[in-house]
Amino acid sequence: MIPCLYAEAETAFTSNGIGKLCDTISCRVTEKRNGSYELKLTYPSDGLHAEELCEGAIILAKPSERAQPQPFRIYKTNTPLTGELEVAARHIQYQENFITVSPFSATGSQATMEELKRQATTDCPFSFWTDIDSQAVFSISAPASIRSCLGGMDGSILDTYGVEYEWDFLTARLHKQRGADYGVRIVYG
């Protein structure tokens, strides 16, 4: 898939937005388990959409061969001596860092996910899903960002339920386990 560039306010991703980034030299997405989810793109400084590759714009790209395209918001552009633009972008889910939730307590993973959205102090475009059926109690006693509640502070949802996250557009999916165990082991020595 050729990455596609969108304006900062895009939410539908049904058109080609500003345009396809056909001149892209390289586009690489890396995701760490329950950690960072970033895109690094190299683009010619004289490319068709070089001027529109600015902080805040969104790049829609496939993170892997079998995955659906995901939106990544540009947070840094750089032009080294090579003359090629180096663009760094984070998954759109990083916007959860800017949405605060009021203190709350909930029993069970399903109730916690519902309460997380309900307790948001500003408009929250994100939704939350889980296949975990745990009755553990999650609680926060001071306002915190949604991203911190999910995983990034002591007593987070990650700590409480022992989950694995999958970021899918505007949905945070909390799985018991991502992937499958095929019994393959890599043994050294």
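Helices (H or I, at least four residues) and strands (E, at least two) are DSSP runs, numbered from the N terminus. With that convention, the chain has three helices and 14 strands. The model is predicted: local features need pLDDT of at least 70 and side-chain atom pairs count only at pLDDT 80 or more, while totals for chains, interfaces and linings use all residues. Residues are numbered from 1 along each chain as its sequence is written, and side-chain values use heavy atoms, with hydrogens and water left out.

**The whole chain**

Begin with the C-alpha trace, which spans about 55 × 55 × 30 Å along its principal axes. Colour next by burial, where buried means under 20% relative accessible area, exposed over 50%, and partly exposed in between (1.4 Å probe, protein chains only). Of the 189 residues, 41% count as buried. A contact requires heavy atoms within 4.5 Å; among contacts with a separation of 6 or more, 51% are between residues 24 or more positions apart.

**The largest pocket**

Rolling a probe the size of a water molecule over the atoms shows where empty space is left. Here the search runs on a 1 Å grid over the protein atoms alone: a cavity is a set of points where a 1.4 Å probe fits but cannot get out, whereas a pocket is an open set with protein on both sides within 12 Å along at least five of seven lines, and lining residues have an atom within 4 Å of a point. Grid points are joined across faces, edges and corners, and a volume is the space filled by probe spheres set on the points.

Select Arg73, Ile74, Tyr75, Arg90 and Phe98, which lie nearest the centre of the largest pocket among its 13 lining residues. Two elements, strand S6 (70-78) and strand S7 (84-91), each give two or more residues to this lining. S6 gives the most, with three residues. The volume is about 210 Å³. For a class count, Ala, Val, Leu, Ile, Met, Phe, Trp, Tyr, Cys and Pro are nonpolar, Asp, Glu, Lys and Arg are charged, and the others, Gly among them, are polar. On that scheme the lining has five nonpolar, four polar and four charged residues.

Move to Glu31, Tyr37, Pro63, Ser64, Ala67, Gln68, Gln70, Glu166, Trp167, Asp168 and Arg178, which line the second largest pocket. Its volume is about 170 Å³. Strand S13 (residues 164-168) gives the most to this lining, with three residues. By class, the lining divides into four nonpolar, three polar and four charged residues.

**Aromatic pairs**

Rings of Phe, Tyr and Trp (its six-membered ring) pair if their centres lie within 6.5 Å; planes under 30 degrees apart count as stacked, over 60 as edge-to-face and the rest as tilted. The whole structure holds five such pairs. Select Tyr37 and Phe72, an edge-to-face pair with 5.4 Å centre to centre and 85 degrees between the planes. This pair links distant parts of the chain, with tyrosine 37 in strand S4 (residues 37-44) and phenylalanine 72 in strand S6, 35 residues apart. Both residues, tyrosine 37 and phenylalanine 72, are buried.

The rings of tyrosine 165 and tryptophan 167 count as stacked because their centres are 5.0 Å apart and their planes are at 15 degrees. Tyrosine 165 and tryptophan 167 are likewise buried. Show also Tyr6, Phe13 and Phe169, which ring pairs link into a cluster.

**Three single residues**

Arginine 147 lies in helix H2 (residues 146-150) and counts as buried because its relative accessibility is 13%. Leaving aside neighbours within four places in sequence, arginine 147 is in contact with residues including Tyr94, Glu96 and Trp167.

Lysine 40, in strand S4, is partly exposed, with a relative accessible area of 42%. Beyond its neighbours within four places in sequence, lysine 40 is in contact with Ser26, Cys27, Arg28, Tyr75, Val87 and Ala88.

Finish at arginine 33, in the loop between strand S3 (26-31) and S4. Arginine 33 is exposed, with a relative accessible area of 65%. The C-alpha atoms of arginine 33 and glutamate 164 are separated by 7.1 Å, although the two are 131 residues apart along the chain.
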